[in-house]
Amino acid sequence: MKLFVTGGAGFIGANFVLYWLRHYPEDTVVTFDALTYAGNLENLQEVKNNPCDVFIKGDICDKNAVRSAMDGCDVVVHFAAESHVDRSILDPSPFVRTNIVGTHVLLEVARERKIQRFHHVSTDEVFGSLDLSEKQIFSEQTPYRPRSPYSATKAASDHLVRAYFYTYRLPITITNCSNNYGPFQFPEKLIPLAITNLMEGKKVPIYGDGLYVRDWLYVEDHCRAIDMVLRHGKIGETYCIGGLTEDINNLSIVKKILAYMGKDESYIEFVKDRPGHDRRYAIDWSKIRNELGWEPLHDFDTWLKETIRWYQEHQEWWQRVKSGAYRSYYEQQYGKSL
Ligand code: NAD
Ligand code: TYD
């Protein structure tokens, strides 16, 4: 099988490419990635000399480039996106372009190329925000209520993908997954930002009261879920994917990281809240468990410690990433230099 993986040089995409070539060494993976600030070829170092790994630098909004790169591919796995909520608040334009226009270009070319499966990787953020007091959790039946430019553009892309199934019978599947953590995550996101700031002796910024809740999943569990949906998922269906954490808030996560890294709570710094900050995400993943037999295999405490260890062992990777353009983003977002 020949897979066309968009965004394969980013965090989850790279983990997926490495996962796929470890498990299916007979397949070919064409990674198509624009190498934005979030894309990094170093993430694919492990498969650099593997003849089954093909890298093509390209923009998913560029139809001609997508057309020639997708030639001969059987399956599309679409990760490429602008993915950071805070950046979407600073400037929504690249989110509209890549997440909506780019997804549309891919759908058009997938139709032309008669792709056997178009798998769209999406987020639980499309469902909006839950209250801390309610027991409700997101499922495949939850209505879409996105509240950030990021989640609104991901919601739009989900709608387009579904529309191509109903209108043109393009064989699609969609997964809506909760917050991932693990190796190669760009240090703008909470967990790697906390770990790398602490390694540099800096404080960890916590938005608002810190009582915001996310569901957390180790990235390899996400890759395995996509694998199972590709092999056994039903065409046209959506699957929600989530982890094993139960309503853990940001403050508790940062306190765990501080404890594992031997730091005290003076390293916590409460900062201005994110506008429109979604209070709580929680996800019901019983459909993928009951229908495909998937469940998370990585518990949060063990794999949070493993993730800390990964960043400790890959200082060069994140120090390079944190230099350059990231510094000016940090200054704009947090009002102080790194
Ligand atoms: P990321 O920001 O780490 O990586 C995105 C990748 O897409 C980068 O390699 C970047 O270069 C590439 N890209 C961006 N614009 C492009 C364009 N126009 N053309 C080609 N490539 C482009 O993102 P991530 O965290 O790995 O997320 C991957 C996907 O998973 C996204 O679609 C995201 O919405 C979804 N998702 C992420 C999470 C999470 O916790 N990170 C959770 C659920 C779903
Ligand atoms: P993030 O990793 O940006 O993921 P998302 O917003 O997509 O869920 O943020 C996770 C949570 O951590 C979210 O509630 C915002 C919060 N957060 C902070 O408190 N401080 C920070 O510096 C960052 C980046 C996030």
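Colleague: How many residues surround ligand 2, and which are the closest?

Modeller: In this predicted model, ligand 2 is surrounded by 19 residues. The closest of them are Glu125, Arg214, Arg274, His277 and Tyr334.

Colleague: What does Arg274 do with its side chain there?

Modeller: A polar atom of the Arg274 side chain is placed 2.5 Å from an oxygen atom of ligand 2.

Colleague: And which backbone atoms come up to an oxygen of ligand 2?

Modeller: Leu190 has a polar backbone atom 2.9 Å from an oxygen atom of ligand 2. For Tyr207, a backbone N or O atom is 2.9 Å from an oxygen atom of this ligand.

Colleague: How much of ligand 2 does the protein bury?

Modeller: Ligand 2 exposes 510 Å² when taken alone, and the protein buries 97% of that.

Colleague: Which elements supply the shell around ligand 2?

Modeller: Helix H3 (85-90), helix H6 (190-199) and strand S8 (204-207) each contribute at least two residues. The largest share, 3 residues, is that of S8. By class, the shell around ligand 2 has 9 nonpolar, 4 polar and 6 charged residues.

Colleague: Turning to ligand 1, which residues come nearest?

Modeller: There are 28 residues around ligand 1, and Ile12, Asp33, Ser83, Tyr150 and Lys154 come nearest.

Colleague: What are the distances for Ser83 and Lys154?

Modeller: A polar side-chain atom of Ser83 is 2.6 Å from an oxygen atom of ligand 1. In the side chain of Lys154, an N or O atom is 2.6 Å from an oxygen atom of ligand 1. Taken alone, ligand 1 exposes 840 Å², of which the protein buries 96%.

Colleague: What is the make-up of that shell by class?

Modeller: The shell around ligand 1 holds 13 nonpolar, 12 polar and 3 charged residues. At least two residues each come from helix H1 (11-23), strand S5 (117-123), helix H5 (149-168) and strand S7 (179-181). S5 provides the largest share, with 3 residues.

Colleague: What is Val77 in contact with, leaving aside its neighbours within four places in sequence?

Modeller: Val77 is then in contact with Leu3, Phe4, Val5, Thr6, Phe16, His119, Val121, Ile226 and Leu230.

Terms used: Residues numbered from 1 in each chain as written. Chains lettered and ligands numbered in written order. Predicted model: local features only at pLDDT ≥ 70, side-chain atom pairs only at ≥ 80, totals over all residues. Heavy atoms only, no water. Near = heavy atom within 4 Å. Polar contact = N/O pair within 3.5 Å; in protein donor to acceptor, adjacent residues only side chain to side chain. Areas by Shrake-Rupley, 256 points an atom, 1.4 Å probe, with all protein chains shown as cover. Helix = DSSP H or I, 4+ residues; strand = E, 2+ residues; numbered from the N terminus. Nonpolar A, V, L, I, M, F, W, Y, C, P; charged D, E, K, R; others polar. Contact = heavy atoms within 4.5 Å.
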